[in-house]
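Subject: Structure handover

Hi,

Here is the structure for you to look through. My notes on it follow below.

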Amino acid sequence: MTRRETTGWIMGLLFDWFTVVDREPSLTWVPKKINLPREVSLVKPGPIDLNVFPISSLVYEWFDDPQWRELFVVKGSQGALSQSAQNLSCYIADHQLGDIMWVLESDKKVVELNNERLKPMITKSCESLKRHLYEQEDKKLKNRILMLKGLKIIMAGARTASAVASRPIPFIFGDEVDEWPIELKGKESNAVALLRERAKLFSWAKLMFFSKPRNSVTSEDDEDHKKRNQKKEDGIIWGEYLSGTRHKCHIPCPECGHYHEIVWENVRFHHCRSEDGKSWDYDRMKKETFLQCPKCQAKITDEMKVDLVIHRRRWTQTNFEGDLQKDGSRINQPIPKKMSAHMSDLYSNTREFPDLRLGELAVKWCSCANTSDRRAFRRGTLGLPVENIKFDKLDTAPLLAFAGDYEQGTLATRPAWTFLKIDVQGHGTLYRWQKIAFGKIANDDVDDTCWVFDQGETDSAEELEFQIDKPIPIADEPGAFMKCNTGWIDEGDGTTTKQVLDLCIRPKLFRRLSTVKGRGGAQTENIKDRVELQSNRTHKGKRVDRYLIDSDYFLDELYEDRIAKKKEIDEALHNHQVPPAGRLWFYANPSQEFLQEFCTEKKDWHARKGKLVFGWLPKPTGGKNDHSDLLKYGLAAWYRIKPMILDQLRRTKNQRERLEAATAAATTKP
């Protein structure tokens, strides 16, 4: 910067200083001054229109209000909060309010933010901002710092304490906070705590953090909660949200005027079913899904919702006294000057983004294939955390409700597939086995019903060969029989692997019996799919399928879906609706010993490899859970085989339709 440039810039600042003009609020300055270049916004380049993302205006209202210092926003995948924070960076720079810091989860993201978003914003989006740029701007606008006349914008990663704990800075923006490390190296506090320290010297400081949530923090002040706080295993953003004002956006009902939050529980799509009531009608769902007023049950369409969000929204503080504990005390009381807010994709302007219409979101929800997909929907669309719910050990009495009216060794009806599952006991001295069937085929589709219909134990490999070929009578088809289609055997802890592989290549079991290995080693913790094949599948010159499975996932399906949701499953089946999970059946009059093996699993916080994690506890000493494991392997096998069955059903249906069409064409010829 030359002497002449410096003198002119200083004189300009003095002129601005002595000119008494109120600073224009960011809420009105941004839409007038910001013109987004195409490299910043491919979706909506040009002047900022606050109605495209209406609820993001809260960011400017917070910034302009001096009573607030911090803002924590829990959000879904959409919301334009990153763009709003970049607009505020331009506003701060143009008005020379002070240095700015951006913090992201990694150094790579920092460089991308600077080169792809902030640098084009600073140099191209605002004409008045160009007076603060140096003439040789390429030397001043680097990968990690943007040097402007009078201030600088710093980018830093959140993974090291040194990056966020140096000199004081009044304006700080943090993106995707729940991707940041919970604890920094050297057992330092997380980056949010260090960034607060950086801004504490400035009375006018503004700190804004936003993120999709990861895990929730329980409101119960129990020992587990204290341990989690000590180890910092929960997500960052949700805990910060709870200790703020918890602002929520409310809209009025057009009929009764009642202001309410838009929540997924009030979205109505369950009537959109096929004529037989057994499957979803997605085309109908896209057209007929609506929002229902929780007070008068009035119907609010997408078009009505957009107008209400744009013109009549009202942000309301919902946290005044914190959360009441069992002992009468309160936690998470709102901290002064700390605003927190929740935003979800349900508030999106669907005129601009039709893929976010209520019907489209309903289809997305109903087409979720498993629990993981629904958790992703909960985080990415609804902006809500995945709650870690403890699962306590079961008693045998409730499990009696899963007993069917078919005898042990008999199939209740003809299934799509039957499995023989084997567990190796006593370092290979005993085999415990279980027979499971899955799927009832109807209307060229197959459901997820599971029948456990036989079990036993033997010390003989010949007995296993007999069991896999033993005819199984079908109760509702007198005189009809089936055999087990395939089988899986647990590889064990390594001492029995050779014995298991030798068993798999016996003539009567070869190509019908595969091995399976669950949680335990690094190879199973890093698998890409829920069920996948091991790379080493050759034994004594013969090919043996050897599977790795995600044990925790299939324990979730067994206990949290099929067992815990029995009532909801039964009600859905009774009403000819799609159940939340497949029905589970045991054979009639199961023994107490058999049921007890489903009463040892427990899901809670525990130490694994020196770290406190949330999940299914290891097998307790002296507690049997072999049949629970075998059923878990059955669920994994069905996960693998069901897509093949559906594919075959589709091919058969297409072939039948082609044959019928050809026959019809032949009969109509003269």
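Start with a pairing in strand S30: Leu533 has Tyr547 of S30 as its bridge partner. Helices (H or I, at least four residues) and strands (E, at least two) are DSSP runs, numbered from the N terminus.

Before more detail, the ground rules. This is a predicted model, where local features need pLDDT of at least 70 and side-chain atom pairs count only at pLDDT 80 or more, while totals for chains, interfaces and linings use all residues. Residues are numbered from 1 along each chain as its sequence is written, and side-chain values use heavy atoms, with hydrogens and water left out.

**Overall**

The chain has 22 helices and 33 strands. Of its 670 residues, 50% count as buried (buried is under 20% relative accessible area, exposed over 50%, partly exposed in between; 1.4 Å probe, protein chains only). Take the contacts in the chain with a separation of 6 or more: 71% of them join residues 24 or more positions apart. Contact means heavy atoms within 4.5 Å.

Mean pLDDT for the chain is 86, and 87% of residues reach 70 or more. That score is the predictor's confidence in each residue, from 0 to 100. Watch residues 217–233, where pLDDT stays under 50. The model has 33 contacts beyond four places in sequence for that stretch.

**Strand S30 and Arg546**

S30 covers residues 546–549 and includes Arg546. Two strands pair if DSSP finds at least two bridges between them. S27 (residues 531–533) runs antiparallel to S30, joined by three bridges. S26 (residues 513–517) pairs with S30 in the parallel sense, also over three bridges. There, Lys517 has Leu548 of S30 as its bridge partner.

Which way do the S30 side chains point? Arg546 and Leu548 point one way, Tyr547 and Ile549 the other, and all are buried. Arg546 has a relative accessible area of 9%. Beyond its neighbours within four places in sequence, Arg546 contacts several residues, including Glu491, Glu532, Thr515 and Gln534. Gln534 is 12 residues away from Arg546 along the chain, with 5.6 Å between the two C-alpha atoms.

**A three-stranded sheet**

S11, S12 and S13 form an open, antiparallel sheet in that order. S11 (267–268) and S13 (299–300) stand at the edges with a single partner strand each, so one side of each has no neighbour in the sheet. S12 (residues 290–292) pairs with S13 over two bridges. Leu291 stands opposite Ile300 in S13.

Two packed helices are described by the angle between their axes and the distance between the axes. Axes are lines fitted to C-alpha atoms, for helices over the stretch in contact, and angles run from 0 to 180 degrees between N-to-C directions.

H2 (residues 26–33) packs on H3 (residues 57–64) at about 130°, with axes 8 Å apart. That makes the pair oblique (under 35 degrees is roughly parallel, over 145 roughly antiparallel, 65 to 115 roughly perpendicular, the rest oblique). Ser26, Leu27 and Val30 of H2 make the contact with Ser57, Tyr60, Glu61, Phe63 and Asp64 of H3.

The axes of H2 and H4 (residues 81–94) come within 10 Å and cross at roughly 100°. H2 and H4 are therefore roughly perpendicular. Ser26, Trp29 and Val30 of H2 meet Asn87, Leu88, Cys90, Tyr91 and Asp94 of H4.

Best wishes
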